[in-house]
Amino acid sequence: MARKKKGIPIHGWLVLDKPLGITSTQLVGKVRRLLNAQKVGHGGTLDPLASGLLPLAFGEATKTVSYAMDGRKSYRFAVKWGEATSTEDLEGDVIETSDHRPEENDINQALPQFHGGISQVPPRYSAIKVDGKRAYDLARGGDEEFELKSRVVRIDRLELVEVRNKDEAVFEVDCGKGTYVRSLGRDIAKALGTCAHIIELRRTRVGPFTLEHAISLESLEEIGHSPAAEELLLPVE
């Protein structure tokens, strides 16, 4: 006899504005408990240091995750020039430095080379599998020998939106499936004759979902398990 699943059957999409400092998996667990849902999955992992859109699929909606994730994603991100880190973001150790700071005009002139289909090597600290093991596990284990192959990803829009100071710049990007923004920041810096790492990353769009659809975790916790919470669900379609 099949074991009865815990929770209640809920079907549809809930779009969360993920806060900083929590993993996508931890967030799924929190929401599952809040709504007492039988089945829930997320559409597209966000690192703990990233915020923004994390669509959660409940029940029958889990069957449509791959369709939603094949759509365009949009991010707003900030880089710090002059320091490269092992993880290509704030979590890692500084592994390279440069005194060169690019000017705004130079940045804008470099961006067109990152439009369309571009070749990109994923970060060593990523979930890419190498001989059956995750790259981040190999990197944390001190294995310096493994290499990640480059792959073609799609960039539909890349714009410089703010130069905060000589050390920091803010960009927006619309990109296709499999694009790593950390790698994009690294490669922009290389094209400008310097190095850099991501200091802020916020996802603003996933496929059909935008921030207009999103609710904060704090707001969801205030509502708790109630009819009001289920009313936030978007239909599977």
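Side chains of opposite charge can pair when their charged atoms come close. The model you are looking at is predicted, so local features need pLDDT of at least 70 and side-chain atom pairs count only at pLDDT 80 or more, while totals for chains, interfaces and linings use all residues. Residues are numbered from 1 along each chain as its sequence is written, and side-chain values use heavy atoms, leaving out hydrogens and water.

Begin with R202 and D17, whose side chains meet in a salt bridge at 2.7 Å, N to O. This pair links distant parts of the chain, 185 residues apart: R202 belongs to strand β12 (residues 196-206) and D17 to strand β1 (residues 12-18). Helices (H or I, at least four residues) and strands (E, at least two) are DSSP runs, numbered from the N terminus. R202 is partly exposed, with a relative accessible area of 27%, and D17 is partly exposed at 22%. On this scale buried means under 20% relative accessible area, exposed means over 50%, and partly exposed lies in between, using a 1.4 Å probe and protein chains only.

Now turn to R157. Its side chain meets that of E172 in a salt bridge at 3.4 Å, N to O. Here too the pair links distant parts of the chain, with R157 in strand β10 (residues 151-165) and E172 in strand β11 (residues 168-175), 15 residues apart. Salt bridges that share partners join R72, R76, R157, E159, E172 and D174 into one network. Within it, R157 also pairs with E159, again at 3.4 Å, N to O. As for accessibility, R157 is partly exposed at 25%, E159 at 37% and E172 at 23%.

What about the nonpolar side chains? In soluble globular proteins, they tend to be buried together. A nonpolar core is a set of buried Ala, Val, Leu, Ile, Met, Phe, Trp, Tyr and Cys residues joined through side-chain atoms within 4.5 Å. The largest one has 27 residues, of which F77, W81, L158, F171, V173, L184 and I188 touch the most other members. At least two residues of this core come from each of β4 (73-81), α3 (104-110), β10, β11, α5 (181-191) and β12.

Look closely at L184: its contacts (heavy atoms within 4.5 Å) include F77, F114, L158 and V173, not counting residues up to four places away in sequence.

Conventions. A salt bridge is a side-chain nitrogen of Lys or Arg within 4 Å of a carboxyl oxygen of Asp or Glu.
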